[in-house]
Each structure stands twice: as structure tokens, then as C-alpha cells.
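Here are my notes on the model below. Please read them with the structure open.

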Amino acid sequence: MTKYGNKGKGITSYLSSDICSEFIDVMGKRVLKEILKEIKLARYFSLIVDSTPVASHTNQMAVALRYVSVRKACANERLARVLPSVSHKARGMEEAALNLLEELKLDLKNCRGQSYDNASNMSEVYSGLQLRIREKSLC
């Protein structure tokens, strides 16, 4: 992050990499807050989950939400969070997804759709993430 640090004599910068990271974090939280406001107005949403291993040989899980904006009358798909170090098994992904929805204060009973890739741990009929989420949403 040498771009933001003090370059030396004659050029003063008050934006360290820590400050830039903090700005990004604050703005991200504000954007997510607005997205959640729109979802709560729309009431219903769909859950989109995809996981992939990364170079460090850990599994990351991206969780996106799809909803129809009441204000603009159009469908929106928004990335809610990328969760690092999530288990590649359906049970671990279920816990991570449900914990995130709880953290975001979204009621699973308002989830009207799910979208996953065709990996067996995601969409398997008998034990995949899709079945686990569907069973929880019907409770």
C-alpha cells in the first residue's frame, strides 16, 4: 500500500493503509445496511451460495441475496458476505449460512428460493445444503 503512505519530503499524505482499510470497512457496512433495509421492505428473498477453495487451500463461501426492490420494482442480486475458512461439508456450510442470516437479522421463513452450483455437498437431494436449508425454512 505504498500508494497511500507518506512518500517522503514534500508530499504529505494522511491516509495510511490502516485508515484506508477502515474507510472501506465503514463504507461496506453502510452499503450492507442499505441493502438489508431494501430486503426487509421487499420481505422475501432468495439465497445464493457458492464455495470455492482458494490458493491457501481453505474454502471460502460467497453468500448473495436476491430480492425485488419495492422502490424501483426491479430484481437485485447483492453479495452479502464472503465467509473465509468454511467447511466444505454440507453441515459446516449450513451453519455458516444460517449464522450469517441470523447476524443480518433475516428471517429464513422469508427465503423463497435457493441457488447453488451442482456440487453434491450443495444440491444433493438427501443430505446437501439445499435440503438442510429447505427443512429449516419450513419449521
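How many residues lie between E1 and E2 in their hairpin, and which residue in the turn has a positive phi?

1. There are 5 residues between E1 and E2, and His57 in the turn has a positive phi of about 60°. This is a predicted model: local features need pLDDT of at least 70, side-chain atom pairs count only at pLDDT 80 or more, and totals for chains, interfaces and linings use all residues. Residues are numbered from 1 along each chain as its sequence is written, and side-chain values use heavy atoms, without hydrogens and water.

2. E1 and E2 run antiparallel, joined by 8 bridges. Strands (E, at least two residues) and helices (H or I, at least four) are DSSP runs, numbered from the N terminus. Strands pair if DSSP finds at least two bridges between them. Pro53 stands opposite Asn59 in E2.

3. E2 and E3 are also antiparallel, with 9 bridges. Their hairpin has 4 residues between the strands, and Ala73 in the turn has a positive phi of about 50°.

4. Leu65 stands opposite Arg78 in E3. Beyond its neighbours within four places in sequence, Leu65 is in contact (heavy atoms within 4.5 Å) with residues including Ile39, Phe45, Leu101 and Leu104.

5. Most residues other than glycine have a negative phi. Arg43, in the loop between H1 and E1, has a positive phi near 75°. Lys105, in the loop between H2 and E4, has a positive phi of about 60°.

6. Lys105 is exposed (over 50%), at 65%.

Conventions
Buried < 20%, exposed > 50% of the residue type's maximum accessible area, 1.4 Å probe, protein only.
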